[in-house]
Amino acid sequence: MNKREIKNNSKNVMVVCVACFSILILVMIFGFIIKESLPAISSEGFKLFSGMLWYPTHSEPEYGLAAMFIGSLLITLLTAVIVLPLGYIIAFFMYGYAMPWEKNIIKSSIDLLSGVPSVIIGSFLLVYVAPIFFKLGAWSRENILLGAVGLTILSLPYTASLMEEAMSSVDKSMKEGALALGATKFRAGFSVISKAAMPGLMNAVILTLNRIIGETMVVLMASGGAAIIPMSLWDPVRPLTAAIASEMGEVELGSIHYSSLFAAGLVLLTISFILTLISKKISRRSSK
Amino acid sequence: MKRDIAISIIFRVISYAAFLVVIAIFLTFILEGFMYFSPEFFTQFPQMGMTKGGIFPAIVGSVSVLMISLAVAIPLGVFTGVFLSEYAGKGFFSKIVDTSITALSGVPSIVYGLFGLSIFCITLGFRTSILSGSLTLAIMTLPVISSSVREALQAVPRELRESAYALGAKKSEVVFKVVLVAAKERIITAVLIGGGRVIGETAPILLTGAIFYSTMMPKGILDPVMTLPSHIYYITMAYGQSAQWMAKGASAFLMIFILIIYSTAFYIRRKISNAHK
């Protein structure tokens, strides 16, 4: 082998090795999170996931993640109810009605907004929106509605652009065919294009849900600190992500409390893993 | 037909309203924070319980975390992107790499924080430090960079590769001397977007590298650090009204910084896509 071939082969090997690294990271993330949550799982058993009480610092501590898990689900659901229809309307508008220049402006602002850090949204909510909510009847500065508003601001650009992409990727002839048959723009977009774009739209829904459920800073700052199941929109809620971020700083390394926070991470990791795999499957099938 | 016009108006109003609200929010924040900008704000330490002084240590912290994580993430991300676009076939191994990158892209940032805490801070003994934080963020950015690099490389026309092969170039020469060079601008865009995410990320850095307040500069990469997002978080949560100005100022600075990074990235991207038309 001459020098050139050695160089070629070594570079090829290097690329493959680095590619292996990404598999390694995924395996290690699962490995480390599971390893750290084992002490809690073995000492608390199934109660860790089904218990409603979360009193990690009491003299008789209780480590139940269920209330916080339900909190995560509730705030995700509440946000989804706002952001999914709104995102669809904006995507529909961009696809069906917007002039090219309007589309350009909205797209550029979506691009820029996608980079806004969540901590800034959290800070904004507490400084400007919380006092307004207080006047409207909120009894706590931080509540589930405030968190949902923040999550909406955060995910709206993302949802709208994913949905718009899904609709635009449908073959143009379908829209033109529908319009030629006398359908109105709304009918063409709603009954024809949206149906054809269904896999892409579902994909957008799943990715949005995944993003909301894993978001930390907004819920940590805006949705409050009580690990209870909220009964009204003004009640505070503590989702899993917020519990991890706020309690990890004060916890004793290696304690059951520490380990059960990792178990909370394991729950989040599993959810996001399943959602991403489903989304991958949908988008792969539709791209064929 | 009348109904269609009505719907088009309703949809237009809703879209405009949503975007105006979101943009108004950020403009308020930037403009209000802008009032607190002064030379001292960028060059001094916070003083008197965050009521005076500036955000100098947080800026230094954010920039050093950004530098180190990009130094790790760029080579890894570019190589993985190269693999996904140029080397991956239909085989089992390629499929697993592809799935791993997709799965990593969906992992919540707080879980990356837990992972970094467990592996870098504790197992490898880096403790809460710039190094732990940067490595955690680097791993988090890896899927972002590698999937954009992959897209960038796939956009390079096939003729370019074929001509290079026809001239007798070997696989790695085609990839590194022709394809990567042709996709240079798009790769810069990918890196800028990754960088924008690193600098705004808060949750992982809270777990792995951030310190509440420090009166000294970090002496090395094994010291903890203040960053802009963590600083904003701590001030908003733990300080009273008299310190909020600093959160606003720091947020405005962080936003302007990120807006500059993103506008550059999207400007480059738009320029290329126009050039191709």
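# Briefing: chains A and B

The buried residues of helix 4 of chain B are B:S94, B:V97, B:D98, B:S100, B:I101, B:T102, B:A103, B:L104 and B:G106. Buried means under 20% relative accessible area, with a 1.4 Å probe and protein chains only. Helices (H or I, at least four residues) and strands (E, at least two) are DSSP runs, numbered from the N terminus.

This is a predicted model, in which local features need pLDDT of at least 70, side-chain atom pairs count only at pLDDT 80 or more, and totals for chains, interfaces and linings use all residues. Residues are numbered from 1 along each chain as its sequence is written, chains are lettered from A and ligands numbered from 1 in the order in which they are written, and side-chain values use heavy atoms, without hydrogens and water.

**Helix 4 of chain B**

- Helix 4 covers residues 92-106 of chain B, 15 residues in total.
- From first C-alpha to last, helix 4 of chain B reaches 21 Å, close to the 21 Å expected at 1.5 Å a residue. The expected span is 1.5 Å times one less than the number of residues.

**Chain A**

- Chain A has twelve helices and two strands.
- Its elements run α-α-β-β-α-α-α-α-α-α-α-α-α-α from the N terminus on.
- The C-alpha trace of chain A spans about 75 × 75 × 35 Å along its principal axes.
- Chain A has 288 residues, and 55% of them count as buried.
- Among contacts (heavy atoms within 4.5 Å) in chain A between residues at least 6 apart in sequence, 71% join residues at least 24 apart.

**Where the chains meet**

- The contact takes 80 residues from chain B and 83 residues from chain A.
- Chain B and chain A bury about 7200 Å² between them, 77% of it on carbon and sulfur atoms. Buried area is the accessible area (1.4 Å probe) that two parts lose on being put together, summed over both.
- On the chain B side, B:F11, B:F19 and B:L114 lose the most area to chain A, together 9% of what that side buries.

**Second largest pocket**

- A pocket is an open set of points on a 1 Å grid over the protein atoms alone, with protein on both sides within 12 Å along at least five of seven lines.
- The second largest pocket has a volume of about 410 Å³. A volume is the space filled by probe spheres set on the points, which are joined across faces, edges and corners.
- Its lining has 18 residues, and the closest to the centre are A:M248, A:G249, A:E250, B:L206 and B:L207. Lining residues have an atom within 4 Å of a point.
- Helix 5 of chain B gives the most to this lining, with three residues.
- By class, the lining has 13 nonpolar, three polar and two charged residues. Ala, Val, Leu, Ile, Met, Phe, Trp, Tyr, Cys and Pro count as nonpolar, Asp, Glu, Lys and Arg as charged, and the others, Gly among them, as polar.

**Cavities**

- The count comes to two cavities of 30 Å³ or more. A cavity is a set of grid points where a 1.4 Å probe fits but cannot get out.
- The largest cavity holds about 50 Å³ of space. Among the residues that line the largest cavity are B:S62, B:L137 and B:E201.
- Helix 3 of chain B supplies the largest share of that lining, three residues.
- The second largest cavity holds about 40 Å³. Its lining includes A:Y95, A:K175 and A:I193.
- Helix 8 of chain A supplies the largest share of the lining of the second largest cavity, four residues.

Key: Buried means under 20% relative accessible area, exposed over 50%, partly exposed in between (1.4 Å probe, protein chains only).
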